[in-house]
Amino acid sequence: MPDLQKLYDAVLSGDRNTAVAVTQEAIATGGDPLELISKYMVPAMDEVGRLFECEEYFVPELLLSARAMKGSLELLRPLLAARGAQPVGRVVIGTVKGDLHDIGKNLVASLLEGGGFEVIDFGADVAPEKFIAAVQEKGANIVALSALLTVTMPAMRTTIDALKQAGVRERIKVMVGGAPVTEQFAAEIGADGYSDNASAAVTLARRLTATAVRP
Amino acid sequence: MRLMLISCEVLFREMCDAAARSPHQVDVEFLPKGLHDLGGKGMAVEMQRRIDAVPAGKYDAILLGYGLCGNGLHGISARHTMLVLPRAHDCIALLMGSREKHQQYFDEHPGTYYRSTGWLERGKGLQQLTHVTTGIDVTLDQMIEKYGEDNGRYLHEELTRYRSAYTRLTYIATGLEADSRFEEEARWEAAERGWEFERLAGNLVLVHRLVSGDWGGGDFVIAQPGERFRASYDDSIVRIEERA
Ligand code: B12
């Protein structure tokens, strides 16, 4: 078994090649995929989030750590699936209509994957109908909306209203985020949860799935 | 009246024009465009610091050449002087002349990147601070130098992907340009990125009304000393916080 601390360090420093190599070695020597994720990668990403909060890390560092984590996850996911492990939940995520900012949304999507969620990422400028379709056809049980412009924040409300209209609002949980979004705004538009960073978004999604219908 | 105008430098030409034509005596301070890249909270801290530095009793009002700017003006107040802020999401609305026009144009033209003289000459893209913090507009060579070949290429690809998500570049012409250089540069940029180019005639009525003291009709929010601005999350954009 390789020194798994190296996996932690590789994710923290955004070294994808090392993350992948250590993961391969761990798999070859019978390492437990779940343990690799929960004991090494998730704590590393939490630390990355902390360094971002205190402005030691910036967006490029975040992206590189997420990349390293994803590289390792790609190897582990088939193993988890073969064991019949179910995703914690199925999230459909996107930046709302009219808004093209996607850096924060992408990070949230990566961390949710790291946290064991199946993630359907629709990208940016996503119309309400697409979210509705994902709930109806793909069985998503969490809808995650991002907005970076105060101009497009009303589209979050419109999307939630459209989910209600389509009769699927009761089946799912809605979480919202993005720099200008606030807890108060989230409550006002009837979202189930808000968080201001990607690590907290995973905790939030876990809490929400605990009370949501399973996929 | 004696007025103090604190404005984002992105509106430099527009504000100078308005100050020159104002019936009032206007002192002007421009703050860096890069402030807005700090995000709402960081920007608000800096805005508050600049407002606090204005001496008490010297001015009849402090004018803010801003919009809500991603909550950068949320929570702002002045201790001793009245504050005047246009109801606008950001500078794009100030260049278009009204928040309604801005909203309408925005809704009808998704995937648009906006340019104006200030957006072209005052720090290209979101350069000033952003390129350290988000990596936007950092060249491939710089990325590779800092993060190595593999990661550098990856970052460059990730952080330039937005260019293919946009479809249009709209240049807002205000009539204050000395010659056609700005429009030509904007056209060149659109062609370079493969975006459609549109020239939109700007309207500086909000800018002029701000600086000439014409604050009626619901287009401006006025905060009396001690009152705070709040994001309203509706068509009014900004309101005054109720006192506890
Ligand atoms: C980078 C950037 C851009 C890049 C975007 C690249 C990309 N691929 O996304 C580019 C240069 C393309 C761009 C374009 C524009 N931008 Co811009 N941009 C920014 C900037 C500087 C940083 C955003 C960012 O990526 N931050 C880093 C990430 C990690 O943070 P984040 O997105 O907040 O995400 C975190 C949390 O919020 C949370 N989160 C995010 N989403 C979600 C979702 C859920 C469900 C949850 C739970 C949590 C969550 O977790 C994330 C990770 O911790 C901001 C200013 C700022 N600091 O916010 C302006 C800013 C958002 N932009 C602004 C403007 C004005 C524009 C333009 C209109 C400019 C123009 N001239 O055309 C266009 C937009 C056009 C459009 N239709 O969308 C303004 C918005 C003002 C407003 N009206 O609200 C801002 C606030 C700057 C300002 N103060 O003026 N921009």
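How many bridges join strand β4 (residues 173-177) of chain A to β5(A)? In this predicted model, the two strands run parallel and are joined by 2 bridges. Within β5(A), Gly193(A) is the bridge partner of Met175(A).

Both strands belong to an open sheet of 5 strands in chain A, paired in parallel and ordered β2-β1-β3-β4-β5. The edges are formed by β2 (118-121) and β5 (193-194) of chain A; each has a single partner strand, so one side of each is left without a neighbour in the sheet. Helix α6 (residues 128-138) of chain A packs on this sheet and touches β1 (90-95), β2 and β3 (142-146) of chain A. The direction of α6 makes about 165° with that of β1(A). Helix α7 (residues 154-165) of chain A also packs on the sheet, where β3 and β4 of chain A are touched; the angle between the directions of α7 and β3(A) is about 160°.

At least two lining residues each come from α5 (103-114) of chain A and α8 (149-160) of chain B. By class, the lining holds 3 nonpolar, 1 polar and 3 charged residues.

In chain B, His89(B) is located in the loop between β4 (82-86) and α3 (91-96). With a relative accessible area of 9%, His89(B) is buried, because the cut-off for burial is under 20%. Its contacts beyond four places in sequence include Thr150(A) and Val151(A), as well as Cys69(B), His102(B) and Ile237(B).

Conventions
Residues are numbered from 1 along each chain as its sequence is written. Chains are lettered from A and ligands numbered from 1 in the order in which they are written. This is a predicted model: local features need pLDDT of at least 70, side-chain atom pairs count only at pLDDT 80 or more; totals for chains, interfaces and linings use all residues. Side-chain values use heavy atoms; hydrogens and water are left out. Helices (H or I, at least four residues) and strands (E, at least two) are DSSP runs, numbered from the N terminus. Buried means under 20% relative accessible area, exposed over 50%, partly exposed in between (1.4 Å probe, protein chains only). Contact means heavy atoms within 4.5 Å. Ala, Val, Leu, Ile, Met, Phe, Trp, Tyr, Cys and Pro count as nonpolar, Asp, Glu, Lys and Arg as charged, and the others, Gly among them, as polar. Two strands pair if DSSP finds at least two bridges between them. Axes are lines fitted to C-alpha atoms, for helices over the stretch in contact, and angles run from 0 to 180 degrees between N-to-C directions.
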